[in-house]
Amino acid sequence: MSYLLTMIICSSLTTVCIPPFTFATPYNDLYSCMVAGYEESGLKMKKLGQKEVNTHHIYIKFRCTEIIIPLKKPGVET
């Protein structure tokens, strides 16, 4: 199974979130995706900086979504 990490950045002050961002690289398991979610969130917070986070009450949430590849139905060849 593979998972995609999606991050959402929000402001609790304005109760507004920017559109979700999904990372292109899939993770091999849920654990790897979750660890990456915490790491990427921390990096993003540091990049935004203390002043921005405190001023706008920014928080980050993320999710790991399993990639489900639908099975192909047997087709009728003509």
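**Reading disulfides, ring pairs and contacts**

Mentor: Counting bonded cysteines along the chain, the disulfides here follow the pattern 1-2, 3-4. Keep in mind that this is a predicted model.

Trainee: Okay, what is a disulfide, and how many disulfides does the count come to here?

Mentor: In general, a disulfide is a covalent bond between the sulfur atoms of two cysteines. In this structure the count comes to 2 disulfides. One joins Cys10 to Cys17, with an S to S distance of 2.0 Å. The other is formed by Cys33 and Cys64, whose sulfur atoms are 2.1 Å apart.

Trainee: Which parts does the pair of Cys33 and Cys64 tie together?

Mentor: Cys33 lies in helix H1 (residues 30-48) and Cys64 in strand S4, so the pair ties together parts that are 31 residues apart in sequence.

Trainee: And the handedness: is the link of Cys10 and Cys17 right-handed or left-handed?

Mentor: Look at the angle about the S-S bond. For Cys10 and Cys17 that angle is 100°, and the link is right-handed. For Cys33 and Cys64 it is -100°, and that link is left-handed.

Trainee: Are these cysteines buried or exposed, say Cys33 and Cys64?

Mentor: Go by relative accessible area: under 20% is buried, over 50% is exposed, and partly exposed is in between. Cys33 and Cys64 are both buried. Cys10 has 2% relative accessibility, so it counts as buried. Cys17 has a relative accessible area of 34%, so it is partly exposed.

Trainee: Now the aromatic rings. How is a pair of aromatic rings described?

Mentor: By the distance of the centres and the angle of the planes. Searching the whole structure turns up 2 aromatic pairs. Phe21 and Phe23 make an edge-to-face pair, 4.9 Å centre to centre with 80° between the planes. Phe23 is buried because its relative accessible area is 18%. Tyr38 and Phe62 are also edge-to-face, at 4.9 Å centre to centre and 90° between the planes. Since Tyr38 lies in helix H1 and Phe62 in strand S4, this pair ties together parts that are 24 residues apart in sequence. Tyr38 counts as exposed, given its 58% relative accessibility.

Trainee: Next, Tyr59. Where is Tyr59 found, and what is Tyr59 in contact with?

Mentor: For contacts, set aside the neighbours within four places in sequence. Tyr59 is found in strand S4 (residues 58-67). Among the residues in contact with Tyr59 are Cys10, Ser11, Cys17 and Met45. At 34% relative accessibility, Tyr59 counts as partly exposed.

Trainee: What about Ser11, then: buried or exposed?

Mentor: Ser11, in strand S1 (residues 2-11), is buried, with a relative accessible area of 10%. The side chain of Ser11 reaches the backbone nitrogen of Leu13 at 3.2 Å. Beyond four places in sequence, Ser11 is in contact with Val16, His56, His57, Ile58 and Tyr59.

Trainee: Last one: which side chain makes a polar contact with the side chain of Thr22?

Mentor: That's Thr6, at 2.9 Å. Thr22 sits in strand S3 (residues 21-22) and is partly exposed at 39% relative accessibility. Not counting residues up to four places away in sequence, Thr22 touches Leu4, Leu5 and Thr6. From Thr22 to Ile8 it is 14 residues in sequence and 8.9 Å in space, C-alpha to C-alpha.

How values were computed:
Residues numbered from 1 in each chain as written. Predicted model: local features only at pLDDT ≥ 70, side-chain atom pairs only at ≥ 80, totals over all residues. Heavy atoms only, no water. Helix = DSSP H or I, 4+ residues; strand = E, 2+ residues; numbered from the N terminus. Buried < 20%, exposed > 50% of the residue type's maximum accessible area, 1.4 Å probe, protein only. Contact = heavy atoms within 4.5 Å. Polar contact = N/O pair within 3.5 Å; in protein donor to acceptor, adjacent residues only side chain to side chain. Disulfide = S-S within 2.5 Å. Phe/Tyr/Trp six-rings, centres within 6.5 Å; stacked < 30°, edge-to-face > 60°.
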